[in-house]
Amino acid sequence: MSGAAQWRPMGQGDVDAAAAISDWVHGAYTEKPAIYAERLRLYPAGCFLLEWDGEALGYLVTHP
């Protein structure tokens, strides 16, 4: 890997990556991919994915 990790806007194609990170971090308290898709649909300006060399490392979901 090279360079630094970068935050970028999340897209619909990132929903499964965000859900997989949630599964790993939150275990039994994770949310289904449909929840991330809904949040992205409702407030895309508040959804981001942290990437490093094309690999998803984290996600951020906010709301107004």
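Predicted model: local features only at pLDDT ≥ 70, side-chain atom pairs only at ≥ 80, totals over all residues.
Local features were considered only at pLDDT of at least 70 and side-chain atom pairs only at pLDDT 80 or more, whereas totals for chains, interfaces and linings use all residues. Residues are numbered from 1 along each chain as its sequence is written, and side-chain values use heavy atoms, with hydrogens and water left out.

An open sheet of three strands is present, with the order E1-E2-E3 and antiparallel pairing; two strands are taken as paired if DSSP finds at least two bridges between them. Strand E1 (6-9) and E3 each have a single partner strand and stand at the edges, so one side of each is left without a neighbour in the sheet. From one strand to the next, the twist averages 30°, where axes are lines fitted to C-alpha atoms, for helices over the stretch in contact, and angles run from 0 to 180 degrees between N-to-C directions.

E1 is joined to strand E2 (residues 47-52) by four bridges, and these strands run antiparallel. Within the sheet, Pro 9 is placed opposite Phe 48 in E2. Phe 48 in turn stands opposite Leu 60 in E3, and Leu 49 is opposite Tyr 59 in E3. Six bridges connect E2 to E3, again in an antiparallel arrangement. The hairpin of E2 and E3 has two residues between the strands. Asp 53 lies in this loop between E2 and E3 and adopts a positive phi near 50°, in a residue other than glycine. The relative accessible area of Asp 53 is 49%, and the residue is partly exposed; the classes are buried, under 20% relative accessible area, exposed, over 50%, and partly exposed in between, with a 1.4 Å probe and protein chains only. Although Asp 53 and Gly 3 are separated by 50 residues in sequence, their C-alpha atoms are 7.7 Å apart in space.

Helix H1 comprises 12 residues and reaches 16 Å from its first C-alpha to its last, close to the 16 Å expected at 1.5 Å a residue; the expected span is 1.5 Å times one less than the number of residues. Val 15, Ala 18, Ala 19, Ile 21 and Ser 22 of H1 are buried. These residues lie on the same side of H1 because they cover an arc of only 160° around the axis, the arc being that of the directions from the helix axis to the C-beta atoms. Asp 16 and Trp 24, on the other side of H1, are exposed. The buried residues of H1 pack against H2 and strand E3 (55-61). Gly 27 follows H1 and has a positive phi, near 55°.

The largest nonpolar core consists of seven residues, namely Met 10, Val 15, Ala 18, Ala 19, Tyr 36, Leu 40 and Cys 47. Such a core is a set of buried Ala, Val, Leu, Ile, Met, Phe, Trp, Tyr and Cys residues joined through side-chain atoms within 4.5 Å. Helix H1 (15-26) and helix H2 (33-42) are the elements that give two or more residues to this core, and H1 supplies the largest share, three residues. In soluble globular proteins, nonpolar side chains tend to be buried together.

Contacts, defined by heavy atoms within 4.5 Å, were examined for individual residues. Apart from its neighbours within four places in sequence, Ala 19 contacts Thr 30, Pro 33 and Tyr 36. Ser 22, located in helix H1, is buried with a relative accessible area of 1%. Residues up to four places away in sequence being excluded, Ser 22 touches Gly 27, Thr 30, Glu 31, Tyr 36 and Tyr 59. Glu 31 is situated in the loop between H1 and H2 and counts as partly exposed at 27% relative accessibility. With the exclusion of residues up to four places away in sequence, Glu 31 touches Ser 22, Asp 23, Tyr 36 and Arg 39. The C-alpha atoms of Glu 31 and Ala 20 are 9.6 Å apart, with 11 residues separating the pair in sequence.
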